[in-house]
Amino acid sequence: MTPPVIASKDFAVRSRRVSADLTHRQVINRALGAYELKRDEKIANFQDWGAARQAAAEVKWEAVNHLDRYLEEFASKLEARGGKVFWASHGGQVCDYVADLAKQKGAKRIVKSKAMTSEEVHLNVALRKEGYEVVESDLGEYIVELAGGGPYHFVFPAMHLTRGEISVLFEKELGTAPTNDPEELTMIARRVLRQVYCTADIGISGANFAIAETGMISITENEGNARLTTALPKVHIAIMGIEKVLPKLSDLAIFLPMLATAGAGQALTGYNSMIGGPRQPGEVDGPEEFHVILLDNHRTQLLADPEQRDALHCIRCGACLNVCPVYRSVGGHSYGTTYQGPIGSVITAHLRGLQEWKHLSNASSLCGACTSACPVKIDLHHHLLHNRRNAAKAQPVWWEKIAYDVFAFVMDHPALYRLGGKLGYWAQKLHPLVLRTPLDPARSWTATRDAPAIARESFKDFWQAHPEAGRPAPRVS
Amino acid sequence: MSDREKILGRIRDALRVPAPRPGVHGGASLDQAEDASRRAVPDYSDWLPIVGKTFAERSALFARNAAELKAEFFVLADERELPGRLAQLAAGNGWKRIATHRGSLTGLALQGSTLPVGYTDEGYQVADMEASDAGLTECEALVAQTGSVLVSSLSSGGRALSVLPPHHVVVARASQMLADLSEAFALLKVKYGENYPSFLSFISGPSRTGDIERILVLGAHGPKRLTIFCLP
């Protein structure tokens, strides 16, 4: 595991570099600007988006707060239809289970549609080490894998790359002719991947939802790669976090449109597929075996915190990333996590350790754009605050503690506060002498910003000196 | 102890302390939260986009949605038009082979057709289906609110037929036009009870991607075209 100092330092270094990269900013703002327009248009079509959010939050609350019951119902319904359910406490068990299954089936080639849980447990690395050929079929993931980096965004993995960069990548890795046309680039990937679906021995997918009532998983996608991955190979393995379960099939009637609208500005995503078992008697195709892996991997730790339990309501739409000014400035790779943006900052502290990952909760202006965007009403920006508080409580930083004690003392003593204002006014005249040098006490602020000037007369003094100011004009009756 | 028991045990331990309901802060509840939780069976249709009650309204809405999704939607006045329309598509696009499943509507569509046809009903070779120019299927329902086609492994010739060939052609009846997803799930429950098909999918337009600079490209992995015929 990465030592704490590295994770936060890496974040700082990468953030500084990316936020100064104007091309990056342009690419991201163009992509997300178009998204915002479509999203607002689709939200406006709802009769009552606010009530829909509340309803979705209620359903998730019910599911997460009775998770044991719904998971058991899901597993028994699925097992009754010939599906196999594997419960994994930790990521390593997922890799072992899949590798064992692949060995037992004599598999060579494994095709995958997008599964963030597999990124979380580093499944591809584990399978390749065992000698299996693993191919990502989601176009964005495919590109990111060829490029040799992790996803930039858990919904739009290759959002940061331009068509030119992708063309160069394809030229180098696949030997194709350079092109500036996104359609041609897509068709190159289509041709390569078609052959993979038709010959793969195992298909691995994620799941956006699981339905307790019917023992189904639900997969949302635009490309059709998940449909092919789950239709053609003889074995289908779905990996999902335990928090994905919903009580009823009919609950999807609200979650599918909301996921599409909040996540990508669509009324409904291209394909929303529900899979409830392997091929059944009387059906013409589909895998012979269907395995569902239920992954805990510290989710129960988050569940044990009632204050932040609603972070498990997350449907991974990515809306909070899209609207986050920090995410948009520092970019997805700076986080160094599987889940980026506000939701990533909140849950990574639970999934991978608070002290190591608390810096992500500090990297926020607490503007609350994430909370307003969340379709299931997760109180994201307050959870960032909760993480800060919990981190400080568990491992106080001595100078922060002194600073806050001094601050509290001054605020408790008006005379001191007034004196501080006066002293500050005079002291700032000396500030230019040390401005932006190592001696500057406000250097972390002034390095990239101008310090606000302290006025000679405080607002309070002004108010007392001008009794007429700001008072309502006398009423004429 | 198995991991199943371990995980369920951790969940039960974790849930001993209750979490506040959504929209409830510091013991005070917001009006909206109370309203939603008071409803025993929430009717999602009240909050989703408006859908008309008549077939004419619904099919107009479906047509608008289909146009936005770049799907082709045709309401035929007479079912006898269907074989001609399909032949036109086949000729216009130079189809050499078509894959389908046996059914009254697919049968009707192929009346008089001389194209080689592969049926999935008795099993099929993936390579043959991949080499077909079109997949012709029936469906469970059409969903007006989202312009979607609901297919299933039982109604639409299996899992792959509606996604592997580059052009997906759907034939439906006007009576299959439903308002929204809630109606579609209700229909499935009545039709199948506990015995659902192993695969269901709401298809909204041809396969698409925006993974390169968020620019829309059709035919990412699945069909590049989706044509829907609605018969009376």
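In this predicted model, helices H16 (residues 341-351) and H17 (residues 354-362) of chain A pack against each other, with axes that come within 8 Å. The axes cross at roughly 170°. Angles over 145 degrees count as roughly antiparallel. H16(A) and H17(A) are therefore roughly antiparallel to each other. On the H16(A) side, the contact is made by Ser345(A), Thr348(A) and Ala349(A). H17(A) contributes Leu354(A), Trp357(A), Leu360(A) and Ser361(A). By class, four residues of this contact of H16(A) with H17(A) are nonpolar and three are polar. None is charged.

Angles of 65 to 115 degrees count as roughly perpendicular. Phe409(A), Val410(A), Met411(A) and Asp412(A) of H20(A) make the contact with Pro414(A), Leu416(A) and Tyr417(A) of H21(A). Six residues of this contact of H20(A) with H21(A) are nonpolar, one is charged and none is polar.

H20(A) spans residues 398-412 and includes Trp399(A). Trp399(A) also belongs to a nonpolar patch on the surface.

The whole structure holds 35 of them over all chains. One pairs the side chains of Lys422(A) and Asp461(A), with an N to O distance of 3.2 Å. Lys422(A) lies in helix H21 of chain A, and Asp461(A) lies in helix H24 (residues 459-465) of chain A, so the pair ties together parts that are 39 residues apart in sequence.

A further contact links helix H2 (residues 22-45) and helix H12 (residues 252-264) of chain A. These helices pack at an angle of about 145°, and their axes are 7 Å apart. From H2(A), the residues that meet H12(A) are Tyr35(A), Arg39(A), Lys42(A) and Ile43(A). Their partners in H12(A) are Thr261(A), Ala262(A), Gly263(A) and Ala264(A). The contact of H2(A) with H12(A) has four nonpolar, two polar and two charged residues.

Definitions and conventions. Residues are numbered from 1 along each chain as its sequence is written. Chains are lettered from A and ligands numbered from 1 in the order in which they are written. This is a predicted model: local features need pLDDT of at least 70, side-chain atom pairs count only at pLDDT 80 or more; totals for chains, interfaces and linings use all residues. Side-chain values use heavy atoms; hydrogens and water are left out. Patches are made of residues with over 30% relative accessible area and no salt bridge: like charges are joined within 9 Å, nonpolar side chains (Val, Leu, Ile, Met, Phe, Trp, Tyr) within 5 Å. Accessible areas come from the Shrake-Rupley method with a 1.4 Å probe; for residues, only the protein chains shown count as cover. A salt bridge is a side-chain nitrogen of Lys or Arg within 4 Å of a carboxyl oxygen of Asp or Glu. Helices (H or I, at least four residues) and strands (E, at least two) are DSSP runs, numbered from the N terminus. Axes are lines fitted to C-alpha atoms, for helices over the stretch in contact, and angles run from 0 to 180 degrees between N-to-C directions. Angles under 35 degrees count as roughly parallel, over 145 as roughly antiparallel, 65 to 115 as roughly perpendicular and the rest as oblique. Contact means heavy atoms within 4.5 Å. Ala, Val, Leu, Ile, Met, Phe, Trp, Tyr, Cys and Pro count as nonpolar, Asp, Glu, Lys and Arg as charged, and the others, Gly among them, as polar.
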